[in-house]
Protein chains: 2
Amino acid sequence: MSELPTGNAVIGQSGGPTAVINQSLAGVVEGLKTGLFASGKVKRILGMRHGVRGLITSGGDGLVDLTGIDAERLERIARTPSAALGSTRDKPDEAYCQKILDGCRAQDIRYFFYIGGNDSADTCRIVNEKAAAAGYELRCFHVPKTIDNDLLENDHTPGFPSAARYVALAHMGDALDNASLGGIKINVIMGRNAGFLTAAAALARGAASGGADPSMRVGPHLIYLPEVPFATESFLADVDAVYGKLGRCQIAVSEGIRDEAGAEIGPKLMQGPGEVDAHGNVQLSGSGALGDGLAALVKRELTPKGGKAPRVRADTFGYLQRCWPHPSPIDAEEARAVGRYAAALAAQGDASASVILRRVSSTPDAYRSECARADLSQVARLSRHMPPEFISGANDVSAAFHAYCRPLVGDLPVMERL
Amino acid sequence: MSELPTGNAVIGQSGGPTAVINQSLAGVVEGLKTGLFASGKVKRILGMRHGVRGLITSGGDGLVDLTGIDAERLERIARTPSAALGSTRDKPDEAYCQKILDGCRAQDIRYFFYIGGNDSADTCRIVNEKAAAAGYELRCFHVPKTIDNDLLENDHTPGFPSAARYVALAHMGDALDNASLGGIKINVIMGRNAGFLTAAAALARGAASGGADPSMRVGPHLIYLPEVPFATESFLADVDAVYGKLGRCQIAVSEGIRDEAGAEIGPKLMQGPGEVDAHGNVQLSGSGALGDGLAALVKRELTPKGGKAPRVRADTFGYLQRCWPHPSPIDAEEARAVGRYAAALAAQGDASASVILRRVSSTPDAYRSECARADLSQVARLSRHMPPEFISGANDVSAAFHAYCRPLVGDLPVMERL
């Protein structure tokens, strides 16, 4: 906690957008306005277009001045899904971070706020270290965001509750659609390494969602997470058992399921070579390949000899999971709060931090969370996975997961069946 | 209008379910309760499990007694998406209809209500004719339902507004996701022969949706309907032009797009042979093949020689379009009204009819519709398509379509951009 520098502040958004990432942007802006801007330590509040790309664009053309933005417009932006400043998939290395630091110097930036996942926390960390080594006073703050819910130190991350709400609502409607016409329905859900979002499908079971409904009337009947090795034979046996009993089967499957050896199932089922993204991973989202591959597999293997093929359908939920315009109300609130908290940490003289969310109370109707701080290194680059106590067997989640997730997603409709 | 017969009534649901098909079920039940049941002409109100399949099941095992259902439970069922009675894809021929008639006789059914599309209207028509020929008094009523919006005589059909709402909300969020990270985004929408649901994507543009925003800032930028022949070369040129100008392009495309010769594009792009459904059509829904095929085509053809491939993603919206648990409020109301109206027609002594929806007023904030009757033959088997005045050029919809569709979908959120 040293004396506060005077200069400009910059805010950026990075990685896959969420339904509430603009709440965090608004939170940082209003936190600065009432804090460091009011006290004169921050002169201008700047936004980076497309994350750190906006900062390394020459002459400041990639920056937008948010200092004078009026409160009503900021509120409308906060309620708009997806990154209002634009986002980026760039994952800065040392050389890139040097350019970021140069951009900060050029714009007299002393406060750096980056809204994103563990890569964004790492960018904050590297830039902060480079600035310190160069003797340039720069305060760096990471604001958490990811629908994958995979940041360490956090109870959960802003963006996840809204995506989980979408996945739960989708499975509620889809389970009844599946029951109407029968057959096997496969839903592929985002989350390459962490199964939290796929697990949220279980909330569609309502009160029965802490473990499968004994009568098996309500879907999803089977849930496959990236944390649990996926064995094709067991999968087919699971599906066959449910379908044989009910004449239908609703399956929630993570895009990132992998076998015992850790090899992803998606690319193995793909017809052609998948696209490789900037991080060297095979492109799984924005393609129906895994769902279609699993559907073809089920149809081929579960068609009785000389008999009729079961009706098998697959939906890949895709980008709507992270941009559906009706977020979880709690998520909107918390995403705003982590932004404000980052500005407050800066005003208190913190030199660098990652804002984290902690759960204070999880009792029904009395859920509460609070913001706190962690060191950047506690969050940067690291990933969290579904803990064993949230997983039940090879194809389900536990009652503990239900208790954890249910308060986050807001009201769910009541479904009545005949 | 002859004397009313005395006996039982039966209600069924057929074809692809919708978010509000149970409102129509509830409407028929409550219309009967206060009408023919109260007057003693209807003794029992029965539901068919899985449409007419439930009626041809021996011994009445496929029927459920709804006579004593309490109003609160009926209300909860009305608010639940997808067919509570179960649905069927069976398209009865003469022999099947004879079995239906036999089922009606066996259960002393004198009033037959079928909620569905033009195939369901045709089933009503055939069964009605068979009953008349056999001298068995049976009153047959078709209650309209289809997200495709393709029934003749109707301004629009229950189920369509809720699906259109989903498609509009999806494109609002997704357009901003596309703007955040750039690239080309393809969304495949249900509707094999009629483009109404795909056209609803235009509502995502907000006030600018009656024709493309001149600044092209807001998506969807391109809309491809089954009514407009799809030419691959023009498609690629359209996408190239928008992407070249904006660095992004959001595309709404119907699953049923076809070339000049009327051949569907989907199967042509598919890697393997598609599944053929009960109507002899290639299976287009529940598979990402068309979207993935178009994405691969765009990537292959629009990658500059020696240059970087554009980021191309495809989402196939799939079954969530018809079962999302938050329907359009107007749709819920109208779906209830057509059910009630069918029961009222029966009470008035009508021998057979298809209930239709007419628009009374379309002025903003004063939209109103009313129910009316048509002969079954005016609706049965026939299909409606997007009229020319709703289409603009090769890749857009008109202001007239916007004026037509906007009042149906309910409130849409306000999106603010930086």
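What follows is a short chat about a predicted model with chains A and B.

User: How many helices and strands are there in chain A?
Analyst: Chain A has 14 helices and 13 strands. Keep in mind that this is a predicted model.

User: And why call chain A as compact as a globular protein of that length?
Analyst: Because the radius of gyration of chain A is 23 Å, close to the 22 Å that the globule rule gives for 418 residues. Along its principal axes, the C-alpha trace spans about 75 × 45 × 35 Å.

User: What percentage of chain A is buried?
Analyst: Of the 418 residues in chain A, 59% are buried.

User: Which share of the contacts joins residues at least 24 apart?
Analyst: It is 76%, taken among contacts in chain A between residues at least 6 apart in sequence.

User: Let's start at β1. Is β1(A) mostly covered or mostly open?
Analyst: Mostly covered: strand β1 of chain A runs from residue 7 to 13, and six of its seven residues are buried.

User: Which way does β1(A) run against β2(A)?
Analyst: The two run parallel, joined by four bridges, with β2(A) covering residues 42-48. In that pairing A:Ile11 stands opposite A:Gly47.

User: What sort of unit do β1(A), α1 and β2(A) make?
Analyst: A right-handed β-α-β unit, in which helix α1 of chain A takes up residues 21-34.

User: How many bridges does β1(A) have with β4?
Analyst: Six, again in the parallel sense, and β4 of chain A spans residues 109-116. One pair there is A:Gly12 with its bridge partner A:Tyr114 in β4(A).

User: New topic. What is the order of the strands in the open sheet of four?
Analyst: The order is β7-β8-β6-β9 in chain A, and the pairing is parallel. At the edges are β7 (222-224) and β9 (312-316) of chain A, each pairing on one side only. Neighbouring strands of this sheet are turned by 15° against each other on average, direction ignored.

User: How many bridges are there between β6 and β9(A)?
Analyst: Five, and the pairing is in the parallel sense, with β6 of chain A made of residues 183-189. Here A:Lys185 stands opposite A:Arg313 in β9(A).

User: Which helix packs on the sheet?
Analyst: Helix α10 of chain A, residues 289-302, does; α10 touches β6, β8 (248-254) and β9 of chain A. The direction of α10 makes about 165° with that of β9(A).

User: Now the contact between chains. How many residues of chain A are in contact with chain B?
Analyst: 49 residues of chain A, in contact with 49 residues of chain B.

User: Which elements of chain A supply at least two residues each to that side?
Analyst: They are α3 (71-78), α6 (160-181), α10, β9 and α11 (320-323) of chain A. The largest share, nine residues, comes from α6(A).

User: What about the classes of residues on that side?
Analyst: The side of chain A that touches chain B has 23 nonpolar, 14 polar and twelve charged residues.

User: Last one, in chain B. Where is B:Met190?
Analyst: B:Met190 is in the loop between β6 (183-189) and α7 (196-199) of chain B.

User: Is B:Met190 buried or exposed, and why?
Analyst: B:Met190 is buried, because 23 other C-beta atoms lie within 10 Å, and the cut-off is 20 or more.

User: How far apart are B:Met190 and B:Val52 in space?
Analyst: They are 25 Å apart, C-alpha to C-alpha, and 138 residues apart in sequence.

Technical notes:
Residues are numbered from 1 along each chain as its sequence is written. Chains are lettered from A and ligands numbered from 1 in the order in which they are written. This is a predicted model: local features need pLDDT of at least 70, side-chain atom pairs count only at pLDDT 80 or more; totals for chains, interfaces and linings use all residues. Two strands pair if DSSP finds at least two bridges between them. Axes are lines fitted to C-alpha atoms, for helices over the stretch in contact, and angles run from 0 to 180 degrees between N-to-C directions. Two residues are in contact if their C-beta atoms, placed from the backbone, lie within 7 Å. Ala, Val, Leu, Ile, Met, Phe, Trp, Tyr, Cys and Pro count as nonpolar, Asp, Glu, Lys and Arg as charged, and the others, Gly among them, as polar. The radius of gyration is taken over C-alpha atoms; the globule rule is 2.2 Å times the number of residues to the power 0.38. A residue is buried if 20 or more other C-beta atoms lie within 10 Å of its own, exposed if 12 or fewer, and partly exposed in between; C-beta atoms are placed from the backbone. A crossover is right-handed if, with the strands pointing away from the viewer, the path from the first strand over the helix to the second runs clockwise.
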